[in-house]
Amino acid sequence: MKSYKFIVNPKAGGGRAIKLVPRIKEIFTQAKAEHDFEYTSGPGDAIERAARASEKGFDIVVAVGGDGTVNEVLNGIAHTDSVLAALRGGKGNDFAIAVNMPSDIETACQDLLKAKIKRIDLGKVLDRHFINSVGVGFDATVALRVNKGVRPFKGVSAYIYAFFLTLFSYKQVEMEIDLGNGPEEINPLLVAVGIGSNYGGGMKILPGAIQDDGLFDICILDWMDKASLAYNFPKVFNGSHVKMKQVTMNRSEKVILKTGAQLPLHMEGEILFGDEMNFTIEPGGMPVLIGGSNK
Ligand SMILES: [Mg+2]
(Lines give C-alpha, C1' and ligand atoms only; values in the text may rest on other atoms or scores of the structure.)
Protein backbone atom coordinates (compact mmCIF):
# COMPACT_ATOMS: atom_id res chain seq x y z
CA MET A 1 0.00 0.00 0.00
CA LYS A 2 1.13 3.55 -0.74
CA SER A 3 2.21 6.11 1.87
CA TYR A 4 0.56 9.53 1.97
CA LYS A 5 1.72 12.94 3.12
CA PHE A 6 -1.08 15.50 3.42
CA ILE A 7 0.02 19.12 3.18
CA VAL A 8 -2.77 21.25 4.54
CA ASN A 9 -3.10 24.98 4.03
CA PRO A 10 -5.12 26.01 7.11
CA LYS A 11 -6.14 29.29 5.47
CA ALA A 12 -7.32 27.78 2.17
CA GLY A 13 -10.95 28.28 1.26
CA GLY A 14 -11.53 30.34 4.41
CA GLY A 15 -10.84 27.24 6.55
CA ARG A 16 -12.42 24.71 4.20
CA ALA A 17 -9.23 22.65 3.84
CA ILE A 18 -8.54 22.23 7.54
CA LYS A 19 -12.11 21.12 8.23
CA LEU A 20 -11.46 18.07 6.03
CA VAL A 21 -8.63 16.79 8.25
CA PRO A 22 -10.56 14.83 10.94
CA ARG A 23 -12.49 12.82 8.36
CA ILE A 24 -9.35 12.10 6.28
CA LYS A 25 -7.63 10.88 9.47
CA GLU A 26 -10.50 8.50 10.27
CA ILE A 27 -10.67 7.05 6.75
CA PHE A 28 -6.90 6.54 6.40
CA THR A 29 -6.54 5.08 9.90
CA GLN A 30 -9.36 2.66 9.23
CA ALA A 31 -7.80 1.69 5.88
CA LYS A 32 -4.45 1.13 7.71
CA ALA A 33 -2.69 3.33 5.15
CA GLU A 34 0.52 5.05 6.24
CA HIS A 35 -0.24 8.75 6.41
CA ASP A 36 0.88 11.99 8.00
CA PHE A 37 -0.29 15.61 8.11
CA GLU A 38 1.61 18.86 7.92
CA TYR A 39 0.28 22.40 8.06
CA THR A 40 1.65 25.33 6.09
CA SER A 41 2.50 28.61 7.80
CA GLY A 42 2.83 30.97 4.84
CA PRO A 43 3.71 31.44 1.18
CA GLY A 44 6.39 29.04 -0.08
CA ASP A 45 6.15 26.74 2.94
CA ALA A 46 4.34 23.97 1.05
CA ILE A 47 7.24 23.78 -1.44
CA GLU A 48 9.72 22.98 1.35
CA ARG A 49 7.39 20.57 3.13
CA ALA A 50 6.54 18.71 -0.08
CA ALA A 51 10.23 18.41 -1.02
CA ARG A 52 11.05 16.94 2.43
CA ALA A 53 8.10 14.53 2.21
CA SER A 54 9.45 13.29 -1.09
CA GLU A 55 12.98 12.90 0.32
CA LYS A 56 11.51 10.83 3.16
CA GLY A 57 10.00 8.52 0.58
CA PHE A 58 6.28 9.34 0.73
CA ASP A 59 4.70 7.89 -2.42
CA ILE A 60 1.89 10.40 -2.69
CA VAL A 61 1.91 14.03 -1.59
CA VAL A 62 -1.61 15.42 -1.29
CA ALA A 63 -2.25 19.16 -1.43
CA VAL A 64 -5.19 19.98 0.83
CA GLY A 65 -6.00 23.52 -0.21
CA GLY A 66 -6.64 25.43 -3.39
CA ASP A 67 -4.66 25.80 -6.61
CA GLY A 68 -1.95 27.86 -4.87
CA THR A 69 -1.22 24.96 -2.51
CA VAL A 70 -1.23 22.51 -5.43
CA ASN A 71 1.30 24.65 -7.31
CA GLU A 72 3.62 24.81 -4.30
CA VAL A 73 3.44 21.05 -3.71
CA LEU A 74 4.11 20.51 -7.42
CA ASN A 75 7.22 22.69 -7.24
CA GLY A 76 8.42 20.73 -4.20
CA ILE A 77 8.10 17.29 -5.80
CA ALA A 78 8.59 17.79 -9.56
CA HIS A 79 11.26 15.38 -10.89
CA THR A 80 11.18 13.16 -7.79
CA ASP A 81 9.51 9.76 -7.32
CA SER A 82 6.47 11.25 -5.54
CA VAL A 83 3.03 11.54 -7.10
CA LEU A 84 0.96 14.74 -6.92
CA ALA A 85 -2.61 14.55 -5.59
CA ALA A 86 -5.10 17.22 -4.56
CA LEU A 87 -8.26 17.48 -2.50
CA ARG A 88 -10.69 20.31 -3.15
CA GLY A 89 -9.94 22.55 -0.19
CA GLY A 90 -9.73 26.03 -1.69
CA LYS A 91 -11.84 28.67 -3.37
CA GLY A 92 -10.27 27.73 -6.71
CA ASN A 93 -9.80 24.00 -7.26
CA ASP A 94 -9.07 23.93 -10.97
CA PHE A 95 -6.42 21.21 -10.77
CA ALA A 96 -8.40 18.89 -8.48
CA ILE A 97 -11.36 19.21 -10.85
CA ALA A 98 -9.11 18.64 -13.88
CA VAL A 99 -8.03 15.27 -12.45
CA ASN A 100 -11.63 14.35 -11.51
CA MET A 101 -11.25 14.51 -7.74
CA PRO A 102 -14.78 14.52 -6.34
CA SER A 103 -16.01 17.30 -4.06
CA ASP A 104 -17.31 14.76 -1.56
CA ILE A 105 -14.53 13.94 0.90
CA GLU A 106 -15.56 10.30 1.39
CA THR A 107 -15.33 9.38 -2.30
CA ALA A 108 -12.26 11.59 -2.76
CA CYS A 109 -10.45 9.63 -0.02
CA GLN A 110 -11.48 6.34 -1.65
CA ASP A 111 -9.92 7.63 -4.88
CA LEU A 112 -6.73 8.52 -3.01
CA LEU A 113 -6.57 5.01 -1.57
CA LYS A 114 -7.09 3.42 -5.00
CA ALA A 115 -4.09 5.45 -6.19
CA LYS A 116 -4.79 5.38 -9.91
CA ILE A 117 -1.87 7.23 -11.47
CA LYS A 118 -1.48 8.96 -14.80
CA ARG A 119 1.44 10.93 -16.22
CA ILE A 120 0.52 14.36 -17.55
CA ASP A 121 2.54 17.15 -19.11
CA LEU A 122 4.56 19.47 -16.90
CA GLY A 123 4.93 23.14 -17.82
CA LYS A 124 7.60 25.59 -16.80
CA VAL A 125 8.00 29.35 -17.15
CA LEU A 126 10.02 31.96 -15.25
CA ASP A 127 11.78 29.10 -13.48
CA ARG A 128 8.61 27.72 -11.92
CA HIS A 129 6.60 24.62 -12.76
CA PHE A 130 2.88 24.62 -13.48
CA ILE A 131 0.43 21.81 -14.10
CA ASN A 132 -2.68 23.65 -15.24
CA SER A 133 -2.84 27.09 -16.86
CA VAL A 134 -1.29 30.54 -16.62
CA GLY A 135 -2.28 33.96 -17.94
CA VAL A 136 -0.45 37.14 -18.90
CA GLY A 137 -2.03 40.55 -19.37
CA PHE A 138 -5.41 41.79 -18.22
CA ASP A 139 -6.33 38.69 -16.21
CA ALA A 140 -2.98 38.63 -14.39
CA THR A 141 -3.41 42.30 -13.51
CA VAL A 142 -6.83 41.52 -12.00
CA ALA A 143 -5.31 38.61 -10.05
CA LEU A 144 -2.47 40.82 -8.80
CA ARG A 145 -4.99 43.35 -7.53
CA VAL A 146 -7.04 40.64 -5.80
CA ASN A 147 -3.87 39.24 -4.17
CA LYS A 148 -2.94 42.69 -2.85
CA GLY A 149 -6.43 42.93 -1.34
CA VAL A 150 -9.33 45.15 -2.33
CA ARG A 151 -10.91 45.91 1.01
CA PRO A 152 -13.63 45.55 2.08
CA PHE A 153 -14.30 43.02 -0.68
CA LYS A 154 -13.54 39.30 -0.44
CA GLY A 155 -13.98 36.23 -2.62
CA VAL A 156 -16.01 36.65 -5.80
CA SER A 157 -16.97 40.24 -5.02
CA ALA A 158 -13.26 41.09 -4.65
CA TYR A 159 -12.63 39.59 -8.06
CA ILE A 160 -15.49 41.52 -9.68
CA TYR A 161 -14.41 44.77 -8.04
CA ALA A 162 -10.78 44.22 -9.14
CA PHE A 163 -12.02 43.38 -12.63
CA PHE A 164 -13.74 46.75 -12.96
CA LEU A 165 -10.84 48.69 -11.41
CA THR A 166 -8.51 47.03 -13.93
CA LEU A 167 -10.98 47.56 -16.77
CA PHE A 168 -10.74 51.33 -16.34
CA SER A 169 -6.98 51.53 -15.82
CA TYR A 170 -5.49 48.77 -18.00
CA LYS A 171 -3.16 50.02 -20.73
CA GLN A 172 -2.55 48.29 -24.01
CA VAL A 173 0.74 46.34 -24.19
CA GLU A 174 2.21 45.17 -27.47
CA MET A 175 3.87 41.78 -27.27
CA GLU A 176 5.81 39.43 -29.47
CA ILE A 177 4.86 35.77 -29.49
CA ASP A 178 6.76 32.86 -31.02
CA LEU A 179 4.96 29.53 -31.28
CA GLY A 180 7.75 27.89 -33.22
CA ASN A 181 7.20 29.60 -36.58
CA GLY A 182 9.05 32.78 -35.77
CA PRO A 183 8.03 35.87 -33.81
CA GLU A 184 4.70 37.58 -34.45
CA GLU A 185 3.56 40.98 -33.19
CA ILE A 186 0.34 40.84 -31.19
CA ASN A 187 -1.74 43.38 -29.37
CA PRO A 188 -3.54 41.24 -26.83
CA LEU A 189 -5.74 41.86 -23.89
CA LEU A 190 -4.49 38.58 -22.51
CA VAL A 191 -2.53 35.50 -23.44
CA ALA A 192 -3.27 32.20 -21.68
CA VAL A 193 -1.00 29.16 -21.93
CA GLY A 194 -1.92 25.83 -20.40
CA ILE A 195 -2.01 22.10 -19.98
CA GLY A 196 -5.46 21.96 -18.36
CA SER A 197 -8.55 23.83 -19.53
CA ASN A 198 -9.42 25.96 -16.50
CA TYR A 199 -7.88 28.74 -14.47
CA GLY A 200 -8.87 31.42 -12.00
CA GLY A 201 -11.26 29.14 -10.14
CA GLY A 202 -13.51 27.88 -12.91
CA MET A 203 -12.84 29.97 -16.00
CA LYS A 204 -12.75 27.67 -19.01
CA ILE A 205 -10.10 29.66 -20.85
CA LEU A 206 -8.65 26.70 -22.85
CA PRO A 207 -11.69 24.46 -23.37
CA GLY A 208 -9.98 21.98 -25.73
CA ALA A 209 -6.81 21.45 -23.71
CA ILE A 210 -5.53 17.88 -23.43
CA GLN A 211 -3.30 17.20 -20.41
CA ASP A 212 -1.05 14.60 -22.01
CA ASP A 213 -0.61 15.50 -25.69
CA GLY A 214 2.79 17.12 -25.16
CA LEU A 215 1.43 20.47 -26.36
CA PHE A 216 0.37 23.69 -24.73
CA ASP A 217 -3.00 25.16 -25.63
CA ILE A 218 -2.74 28.89 -26.18
CA CYS A 219 -5.50 31.49 -26.19
CA ILE A 220 -4.79 34.97 -27.52
CA LEU A 221 -7.58 37.42 -26.81
CA ASP A 222 -7.10 40.56 -28.87
CA TRP A 223 -7.46 44.05 -27.51
CA MET A 224 -11.03 45.31 -27.46
CA ASP A 225 -12.84 48.32 -26.11
CA LYS A 226 -13.97 48.32 -22.50
CA ALA A 227 -17.67 47.88 -23.26
CA SER A 228 -16.99 44.82 -25.44
CA LEU A 229 -14.74 43.38 -22.77
CA ALA A 230 -17.28 43.83 -19.98
CA TYR A 231 -19.93 42.27 -22.22
CA ASN A 232 -17.80 39.37 -23.49
CA PHE A 233 -15.69 38.46 -20.47
CA PRO A 234 -18.31 36.19 -18.84
CA LYS A 235 -17.97 33.92 -21.89
CA VAL A 236 -14.71 32.54 -20.48
CA PHE A 237 -16.70 30.87 -17.71
CA ASN A 238 -18.20 28.38 -20.18
CA GLY A 239 -15.59 28.48 -22.94
CA SER A 240 -17.81 30.15 -25.54
CA HIS A 241 -15.24 32.96 -25.99
CA VAL A 242 -13.40 30.70 -28.47
CA LYS A 243 -16.04 31.60 -31.08
CA MET A 244 -15.31 35.34 -30.82
CA LYS A 245 -13.49 36.96 -33.73
CA GLN A 246 -11.02 38.52 -31.26
CA VAL A 247 -9.89 35.08 -30.04
CA THR A 248 -7.18 32.91 -31.61
CA MET A 249 -6.57 29.41 -30.26
CA ASN A 250 -3.31 27.58 -30.93
CA ARG A 251 -1.40 24.47 -29.93
CA SER A 252 2.36 24.36 -29.65
CA GLU A 253 5.15 22.74 -27.70
CA LYS A 254 7.00 26.03 -27.71
CA VAL A 255 5.85 29.47 -26.56
CA ILE A 256 8.08 32.51 -26.17
CA LEU A 257 6.35 35.69 -25.12
CA LYS A 258 8.22 38.99 -25.05
CA THR A 259 6.35 41.81 -23.38
CA GLY A 260 8.85 44.68 -23.60
CA ALA A 261 8.27 45.61 -19.96
CA GLN A 262 7.89 43.67 -16.71
CA LEU A 263 4.38 42.26 -16.66
CA PRO A 264 2.57 40.06 -14.14
CA LEU A 265 1.88 36.44 -14.96
CA HIS A 266 -0.61 34.56 -12.82
CA MET A 267 0.14 30.94 -12.21
CA GLU A 268 -2.23 28.89 -10.09
CA GLY A 269 -2.53 31.48 -7.33
CA GLU A 270 1.04 32.76 -7.64
CA ILE A 271 2.00 36.04 -9.32
CA LEU A 272 5.36 36.17 -11.13
CA PHE A 273 6.90 39.01 -13.16
CA GLY A 274 8.90 38.93 -16.37
CA ASP A 275 9.50 40.57 -19.72
CA GLU A 276 10.56 37.43 -21.55
CA MET A 277 8.51 34.36 -20.80
CA ASN A 278 9.90 31.17 -22.26
CA PHE A 279 7.38 28.34 -21.78
CA THR A 280 8.64 24.77 -21.92
CA ILE A 281 6.66 21.57 -21.72
CA GLU A 282 7.88 18.19 -20.56
CA PRO A 283 5.59 15.53 -22.04
CA GLY A 284 4.34 13.17 -19.33
CA GLY A 285 6.65 14.95 -16.91
CA MET A 286 4.43 14.66 -13.84
CA PRO A 287 2.72 11.64 -12.29
CA VAL A 288 -0.64 12.66 -10.82
CA LEU A 289 -3.33 10.78 -8.95
CA ILE A 290 -6.61 10.57 -10.85
CA GLY A 291 -10.03 10.56 -9.24
CA GLY A 292 -13.41 9.43 -10.53
CA SER A 293 -12.82 5.71 -10.09
CA ASN A 294 -15.85 5.36 -7.77
CA LYS A 295 -18.52 6.36 -10.24
MG1 LIG B 1 -1.95 19.81 -24.01
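The model is predicted: local features need pLDDT of at least 70, side-chain atom pairs count only at pLDDT 80 or more, and totals for chains, interfaces and linings use all residues. Residues are numbered from 1 along each chain as its sequence is written, and side-chain values use heavy atoms, with hydrogens and water left out.

I checked burial next. Thr-69 is buried, at 5% relative accessible area (buried is under 20%, exposed over 50%, partly exposed in between; 1.4 Å probe, protein chains only). Leaving out residues up to four places away in sequence, I list Ile-7, Asn-9, Ala-63 and Val-64 as touching Thr-69 (contact means heavy atoms within 4.5 Å).

Then I took H4 against H3. The axes of H3 (residues 45-55) and H4 come within 7 Å and cross at roughly 40 degrees (axes are lines fitted to C-alpha atoms, for helices over the stretch in contact; angles run from 0 to 180 degrees between N-to-C directions). H3 contributes Asp-45, Ala-46, Ile-47, Ala-50, Ala-51 and Ser-54 to the contact, and H4 contributes Glu-72, Val-73, Asn-75, Gly-76 and Ile-77.

Last, I looked at the magnesium ion. Its protein donors are Ile-210 (O), Asp-213 (OD) and Leu-215 (O), lying 2.2 Å from it (donors are N, O and S atoms within 2.8 Å of the metal, 3.2 Å for Na, K and Ca; water is not among the atoms, so sites may look incomplete). I noted the donor spacing as I-x2-D-x1-L. Ile-210 is partly exposed at 39% relative accessibility. Asp-213 is partly exposed at 27%.

Technical notes
Helices (H or I, at least four residues) and strands (E, at least two) are DSSP runs, numbered from the N terminus.
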